[in-house]
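Read the following with the sequence and the coordinates open side by side.

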2 protein chains.
Amino acid sequence: MKKGNLCNLKSCFLCRNCLKHWLPAIEAHKQNLVIKKGQKIFEEEDPVTGIYFLFKGRVKVHRKWGDEKQLILHFAQEGDIIGYRGLGNQKVYPVSATALDEVTLCFIDIAFFETSLQVNPRLTYALMQLYANELQLAERRIGNLVHLDVKARVAETLLMLKRDFGQNKEGFINITLTKQDLASYAGTTYETFFRMITELAKVKIVKLSGKNIGILKETKLEKLIA
Amino acid sequence: MKKGNLCNLKSCFLCRNCLKHWLPAIEAHKQNLVIKKGQKIFEEEDPVTGIYFLFKGRVKVHRKWGDEKQLILHFAQEGDIIGYRGLGNQKVYPVSATALDEVTLCFIDIAFFETSLQVNPRLTYALMQLYANELQLAERRIGNLVHLDVKARVAETLLMLKRDFGQNKEGFINITLTKQDLASYAGTTYETFFRMITELAKVKIVKLSGKNIGILKETKLEKLIA
DNA sequence: ACAAAAGTATGATTTATATCATATTTTATA
DNA sequence: TATAAAATATGATATAAATCATACTTTTGT
């Protein structure tokens, strides 16, 4: 973990939601880190040491089930807060966070973060709102797993990725993931995910090019879900 | 909706987490309601008018998928806050809440609740913490749906109900639900749920008596999950 | 630059669980 | 208290998707 100091005190979730006069305190406490592709930022069951803010790169937030199986819960991007899932009653990360590319982030130790919450009610409120949105999302996923078939869930996954990361000029979703990770995010196996996506490509609803996926017919994907 | 005034300004989530000097303001704004068994307190897609605090009775929090299918997300009991799932970006309840028996609750309009959050940082913090716990729970459920079979999920459901509601002297879980509701909570169909629970009863891991379910061998249920 | 590991690609087989069908019992309501 | 409506109970059947098997390709580390 190389340490740098790239924070501009503006772009991250913490700085965006803090009082101006609190920024010097952040400046004094923050710790910039660089983490290489594939390396873990923190691991499930680790005691919560602090909260991270992502400046550059992408991070997957995931969790093991048994020792083989895996589920991806979230993909974080620039400006996002990471580690907040550990703020429940037990001060243990319920998930792991792994860098998808070389990642630059800012670490704030938990004690200072808790103080920041006390000093900045707006920060606490913003975090609460973030949780509210995430909870809504998570519970929609629960229902989708129970009531939708895999093809619909693959459709939903692609639409979510497009919404979160956008599509580039070539019309591909702006995030590059392995099919295995996509499957773990959609809540299915690699094989099934692969079959579904090739099927969608065959009927020109999506296009594939290596690891890139582009959505061609958004409305058709939406219809699959409803 | 009969209106009463049964709040003691002590037991509910709001009063528990407020500054003492804020209680008179709550007293002035609260609105007690009585809702009959089977009636809806609010419905999914309704604009958020306020937050409810449950004094007496049980409430199921649920959501429709399509027009047939249904999923139960939460069972609320005395002291619990209801309606907080609607505090995300869009001010719309993402779920419905239905009384499982005659229910007494206290309604706080959203404007006053938001003010309460601003005035009481501890309240905002407590709510944030509640969300953190709920999110953790929801994401564990996601993984369970993906990676556990129905029997294990039924086991998990029973253990959760026991943890949340306890077991009475006769050894039955302290909440009475239809098998259909239990199935909708476990994320399966009535028929499959029924088969699983009778199977568990046959091997004396649980006992059944009408709508009552009692856990006999907790460790065996836990083993089913792992 | 090369070996090992990870990821991609598909077909065949199995299995868990939803769906369908139907009878009985309990609960709600007029 | 009658009658409709839910809820319970179980067997038979269909099927979606996981698992297994295997070959090929790309990426990564030394």
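Helices and strands are taken here as DSSP runs, a helix having at least four residues and a strand at least two, numbered from the N terminus. In these terms A:Glu45 is found in the loop between strand S3 (40-42) and strand S4 (50-56) of chain A. The model is predicted, and the values below are computed from it.

What is the phi of A:Glu45? The angle is positive, about 85°, although the residue is not a glycine. In chain B, B:Glu45 sits in the loop between S3 and strand S4 (50-56). B:Glu45 has a positive phi of about 85° and is not a glycine either. With 12 C-beta neighbours inside 10 Å, B:Glu45 counts as exposed.

The next feature is a sheet. Strands of a sheet pair through backbone hydrogen bonds, in either a parallel or an antiparallel way. Chain B has an open sheet of 4 strands in the order S3-S8-S5-S6, and the pairing is antiparallel. Strand S3 (40-42) and strand S6 (69-76) of chain B are the edge strands, each pairing on one side only. On average, neighbouring strands of this sheet are turned by 35° against each other, direction ignored. Within the sheet, strand S5 (residues 59-65) and strand S8 (residues 96-99) of chain B are joined in the antiparallel sense over 4 bridges. Which residue of S8(B) stands opposite B:His62? The residue is B:Ser96.

Two helices lie across S5 and S6 of chain B. One is helix H4 (residues 121-147) of chain A, which runs at about 140° to S6(B). The other is helix H6 (residues 179-186) of chain B, which runs at about 90° to S6(B).

The contact between the chains can be counted by residue. On the chain B side 34 residues are in contact with 34 residues of chain A. S5, S6, helix H3 (110-119) and helix H4 (121-147) of chain B each supply at least two residues of that side. The largest share, 20 residues, comes from H4(B). By class, the side of chain B that touches chain A has 17 nonpolar, 11 polar and 6 charged residues.

Now turn to a pair of helices in chain A. Two packed helices are described by the angle and the distance between their axes. Helix H6 (residues 179-186) and helix H7 (residues 190-202) of chain A pack at an angle of about 95°, with their axes 8 Å apart. H6(A) and H7(A) are therefore roughly perpendicular to each other. H6(A) contributes A:Lys179, A:Gln180, A:Leu182, A:Ala183 and A:Ala186 to the contact, and H7(A) contributes A:Tyr190, A:Phe193 and A:Phe194. By class, this contact has 6 nonpolar, 1 polar and 1 charged residues.

By class, the surface near DNA strand C has 3 nonpolar, 7 polar and 6 charged residues.

Methods. Residues are numbered from 1 along each chain as its sequence is written. Chains are lettered from A and ligands numbered from 1 in the order in which they are written. This is a predicted model: local features need pLDDT of at least 70, side-chain atom pairs count only at pLDDT 80 or more; totals for chains, interfaces and linings use all residues. Axes are lines fitted to C-alpha atoms, for helices over the stretch in contact, and angles run from 0 to 180 degrees between N-to-C directions. Angles under 35 degrees count as roughly parallel, over 145 as roughly antiparallel, 65 to 115 as roughly perpendicular and the rest as oblique. Two residues are in contact if their C-beta atoms, placed from the backbone, lie within 7 Å. Ala, Val, Leu, Ile, Met, Phe, Trp, Tyr, Cys and Pro count as nonpolar, Asp, Glu, Lys and Arg as charged, and the others, Gly among them, as polar. Two strands pair if DSSP finds at least two bridges between them. A residue is buried if 20 or more other C-beta atoms lie within 10 Å of its own, exposed if 12 or fewer, and partly exposed in between; C-beta atoms are placed from the backbone.
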